[in-house]
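The sequence and structure come first.

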Amino acid sequence: MFYFVGAGPGDVGLITVKGRKLLEEADIVIYAGSLVSDKHLQFCKDKCEKYSSASMTLEEVMEVSIKGIKEGKKVVRLHTGDPTIYGAIREQMDYLDNYNIEYEVIPGVSSFTASCSRIKREFTLPDVSQTVIITRIEGRTPVPKDEDLESLARHNASMAIFLSAQSIDKVVEKLKNGYGSDSVPVAVVYKATWEDEKIVLGTLKDIAEKIQKEGIKNFAQILVGRFIEGDYERSLLYNPDFTHGFREGNK
């Protein structure tokens with residue numbers, strides 16, 4: 001059996017119980033070496049074969065995996081964060097399908113939710129935003145035309161921008177045009193939940209200068225929106241005047 005496992009954002013304690021158990025049982029672990037903490041490997045059994053995929057191609061990863069499965073071994077592909085977000089797992093699943101190999105995807109804590117937790121905020125405030133847009137700026141990997149940052153920012157929703165800190169000037173320019181303001185709050189979280197985590201707060205007006213001073217170019221989440229700072233209305237769910245299926249309100 002082959003398992004895609006989300007390792008979480010950095011802190012090894014943020015992997016799921018199921019993910020940790022599979023690591024402990026695995027005969028082969030192929031981990032995203034440039035992104036996943038090697039502290040996860042201390043939970044593997046002594047005879048477990050460990051491979052960093054940082055320098056491997058898809059074909060090399062699959063060759064190791066398929067050979068192991070044919071030998072009756074349990075294979076874990078350990079991805080950073082949640083494997084279903086920028087994990088490039090669809091191509092791996094298609095490969096496994098071609099060999100009629102069964103697999104399972106074990107979700108993980110994504111860096112975008114971890115980053116929001118680290119700044120102690122909530123993406124979804126009732127009268128501020130009920131939508132979270134997860135995206136990235138185009139680079140060597142293109143982005144569909146209709147998903148340009150400027151277009152997405154016009155929704156005024158909360159945003160979590162992956163893989164884009166190295167292009168912060170371009171990101172800011174597009175967001176300013178989309179939001180129609182440079183006063184929108186921004187938080188840049190470098191290596192959320194890692195020991196060397198950094199948090200930089202600002203607005204679209206000054207965030208580029210701030211993170212450039214910190215030398216942040218990668219491994220960072222860019223969170224944007226008025227959920228970071230500003231007024232909001234309390235939710236109805238716990239309002240004493242609000243009636244729902246489990247509680248009668250005062251009015």
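## Annotated domain

UniProt, in an unreviewed entry, places the feature "domain: Tetrapyrrole methylase" at residues 1–207. The model discussed here is predicted. Over residues 1–207 the chain is 28% helix and 21% strand.

## Cysteines

How many disulfides does a search of the whole structure find? The search finds 0. A disulfide is a covalent bond between the sulfur atoms of two cysteines. For the sulfur of Cys44, the closest cysteine sulfur is that of Cys48, at 4.2 Å, which is too far for a bond. The cut-off applied to a pair of cysteine sulfur atoms is 2.5 Å.

## A mixed sheet

An open sheet is formed by 5 strands, in the order β6-β7-β10-β8-β9, with mixed pairing. Its edge strands are β6 (132–136) and β9 (198–203), each of which pairs on one side only. From one strand to the next, the twist averages 20°.

Within this sheet, β7 pairs with strand β10 (residues 220–224) in the antiparallel sense, over 3 bridges. Ala160 stands opposite Leu223 in β10. Helix α7 (residues 207–214) lies across β8 (185–190) and β9, and runs at about 155° to β9.

## Met159 in strand β7

Met159 lies in strand β7, which covers residues 158–162. With a relative accessibility of 0%, Met159 counts as buried. Which residues is Met159 in contact with, leaving aside its neighbours within four places in sequence? The list is Phe123, Ile133, Thr135, Leu149, Leu152, Ala153, Leu175, Tyr179, Ile222, Leu223, Val224 and Phe227.

One of these contacts is Ile222. Met159 and Ile222 are 63 residues apart in sequence, while their C-alpha atoms are 7.9 Å apart in space. Strand β10 spans residues 220–224 and pairs with β7, and the contacts of Met159 include Ile222, Leu223 and Val224.

Methods:
Residues numbered from 1 in each chain as written. Predicted model: local features only at pLDDT ≥ 70, side-chain atom pairs only at ≥ 80, totals over all residues. Heavy atoms only, no water. UniProt positions renumbered as here; feature names shortened; annotations may be inferred. Helix = DSSP H or I, 4+ residues; strand = E, 2+ residues; numbered from the N terminus. Buried < 20%, exposed > 50% of the residue type's maximum accessible area, 1.4 Å probe, protein only. Contact = heavy atoms within 4.5 Å. Pairing = 2+ DSSP bridges. Axes fitted to C-alpha atoms, helices over the stretch in contact; angles between N-to-C directions.
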